[in-house]
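Here is a short report on one protein model. Keep the sequence and the 3D view open as you read.

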Amino acid sequence: MRQIIDKLLPLIGLTILIILDCHAQWMHTNGVYRGSVETMAACGHDLYAGADTLFHTTDNGITWVSIGPNFRPVALAAVSKSSDSTIIFSCDLNIDYSSDNGADWAERGAPPNTSYDVTTVSGTKVFFGYNVFGVYGWGVIYTRDFGASWNGTPGPLDGGINCLTIGHTGSGDTDLFAGTTKGIYFSTDNGFDWTLQDTLSFNTMTVKGTKIFGGNSHGVFLSMDNGTTWLVVNNGLTDTIINAFAVRGRNIFAGTNGGVFMSTNNGTSWSPINEGLTDSVVYSLAVNDSFLFAGTDSTGVWRRPLSEIIPKVNVEWAAMTGWNLVSVPVKVSDYSRKTLFPD
C-alpha cells in the first residue's frame with residue numbers, strides 16, 4: 001500500500017497543475033466597442049470603461065451598457081456616496097457628473113474649457129489634473145463633496161500633467177504624486193504645495209505601500225523615497241512602453257504595447273500573462289471583484305480571473321514517516337492550507 005501511494009503522489013500533483021492551468025487565459029468581454037479603451041474605473045461591483053463613449057457593467061463584463069455622455073471620456077472616477085449610490089465623473093473639456101449610473105448627466109461646476117486628462121481618488125476626494133494651462137495654471141483641482149464645490153491647487157507645477165496617484169506617507173492631508181511633462185512633483189497637502197522630486201516624465205504612476213512605480217516608453221521605474229531617486233526595473237519585460245498599472249495585494253500589473261506583465265516582487269522580475277489575449281496593445285487596467293481587466297487598442301475589454309495568475313499554484317510535497325502519511329498541503333490564492341490526504 002505504501003509503495004502504491006508513493007507512486008501515486010507525483011501523478012496526483014501533476015494532474016492538479018494541469019487542471020489548474022489548462023483554462024488559464026484571457027477571455028474577451030462583449031459590448032465595449034467604438035474606439036480604444038484608454039480609461040477604466042471600478043467602484044464596488046461596478047466597472048466603467050471609456051471608449052468613444054462610456055460603458056458600464058455590473059456583472060464583470062458579461063454584459064455592458066452604453067451610458068453616455070456624448071463625448072469620449074478622457075478620465076474617469078467612480079466614488080461610492082452610500083451603500084447604493086455611486087457618483088461617476090467623466091471628463092474631457094468639462095467635468096460631467098452622474099448619480100444614477102449614467103441615466104442623467106450634468107456639468108459639475110469645475111472650470112470649463114480645460115482639458116482634464118487625469119484623475120485619482122482618495123476616499124471621497126476626487127482629484128483632476130489638466131494638461132493645458134488653465135484657470136489654476138498647470139494645476140490640479142479636487143472636490144470632497146461629490147462635485148458640489150471645487151478647490152484649485154495651482155502650486156509650482158511646471159508642464160501639463162500626465163498622471164496623478166495617491167501616496168501613503170501618513171500625513172493628515174492627502175499625499176499626491178503628479179507626473180508632468182517636466183518632471184515628478186510631490187505634495188503632502190492635497191496639492192496646494194508641490195516639490196519637484198525628479199525630472200523624469202511618466203505616462204502612468206501607481207503606489208504600492210511605500211513604493212512608487214512610474215512607467216514611460218523606457219519601461220518601469222521604482223522609487224522607495226517618495227520619488228527622490230528611481231531604479232529601472234525592467235527584467236522580464238519584452239515591451240517597455242508602459243501605458244497603465246494595476247495593483248492587487250503584493251502583485252503589480254503593467255499594461256504595455258506588448259501585452260500584460262505581472263511582478264510579485266516589486267518589479268525585480270516581470271512575467272508575461274498574455275495567454276489568449278489577441279490584442280497586445282493594452283491602454284488601461286482595472287481590478288474588480290476577482291478579475292483583472294484590460295482595455296485594449298481595438299478589441300474592447302478583456303478579463304482574466306485573478307485566481308489563475310496570483311499566485312501560481314505551488315504544490316508542496318511532504319515526507320512520510322513510518323506508516324503515518326504526512327499531509328500534502330496545496331497553496332491556493334488565499335494562502336489557506338488544504339490537504340489531499342489526512343494524517
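## Salt bridges

A salt bridge here is a side-chain nitrogen of Lys or Arg within 4 Å of a carboxyl oxygen of Asp or Glu. Side chains of opposite charge can pair when their charged atoms come close. This is a predicted model, so local features need pLDDT of at least 70, side-chain atom pairs count only at pLDDT 80 or more, and totals for chains, interfaces and linings use all residues. Residues are numbered from 1 along each chain as its sequence is written, and side-chain values use heavy atoms, with hydrogens and water left out.

How many salt bridges does a search of the whole structure find? The search finds two. One joins E308 to R304, with the closest N and O atoms 2.9 Å apart. The other joins R304 to E275, where the closest N and O atoms are 2.8 Å apart. Strands (E, at least two residues) and helices (H or I, at least four) are DSSP runs, numbered from the N terminus.

Are these residues buried or exposed? Buried means under 20% relative accessible area, exposed means over 50%, and partly exposed lies in between (1.4 Å probe, protein chains only). R304 has a relative accessible area of 1%, so it is buried. E308 is buried as well, at 16%. E275 counts as partly exposed, at 38%. Shared partners join E275, R304 and E308 into one network of salt bridges.

## The chain as a whole

The protein chain has one helix and 31 strands. It has 343 residues, and 50% of them count as buried. A contact means heavy atoms within 4.5 Å. Take the contacts between residues at least 6 apart in sequence: 41% of them join residues at least 24 apart.

The accessible surface of the chain comes to about 15300 Å². Carbon and sulfur atoms own 53% of that surface. Such areas come from the Shrake-Rupley method with a 1.4 Å probe; for residues, only the protein chains shown count as cover.

## Strands side by side

Two strands pair if DSSP finds at least two bridges between them. Strand 14 (residues 161-166) and strand 15 (residues 176-180) run antiparallel, joined by five bridges. C163 stands opposite G179 of strand 15. Five of the six residues of strand 14 are buried, so this strand is largely enclosed by the rest of the structure.

Now look at an open sheet of four strands, in the order 18-19-20-21, with antiparallel pairing. Strand 18 (204-208) and strand 21 (231-232) stand at the edges. Each has a single partner strand, so one side of each is left without a neighbour in the sheet. Strand 20 (residues 219-223) pairs with strand 21 over two bridges. In one of these strands, strand 21, V232 is the bridge partner of F221.

## The largest pocket

Rolling a probe the size of a water molecule over the atoms shows where empty space is left. The search runs on a 1 Å grid over the protein atoms alone. A pocket is an open set of points with protein on both sides within 12 Å along at least five of seven lines, whereas in a cavity a 1.4 Å probe fits but cannot get out. Lining residues have an atom within 4 Å of a point. Grid points are joined across faces, edges and corners, and a volume is the space filled by probe spheres set on the points.

The largest pocket has a volume of about 1400 Å³. Its lining has 41 residues, and M40, T119, M205, F245 and L285 lie nearest its centre. Several strands each supply at least two lining residues, among them strand 2 (39-43), strand 14, strand 18 and strand 26.

F293 lies in strand 27 (residues 291-296). Its relative accessible area is 0%, so F293 is buried. F293 touches residues including W26, M40, L285 and W302, not counting residues up to four places away in sequence. M40 and F293 are 253 residues apart in sequence, but 8.9 Å apart in space, C-alpha to C-alpha.

Which loop holds D289? D289 lies in the loop between strand 26 and strand 27. D289 has a positive phi of about 55 degrees, although it is not a glycine. N226, in the loop between strand 20 and strand 21, has a positive phi near 60 degrees.
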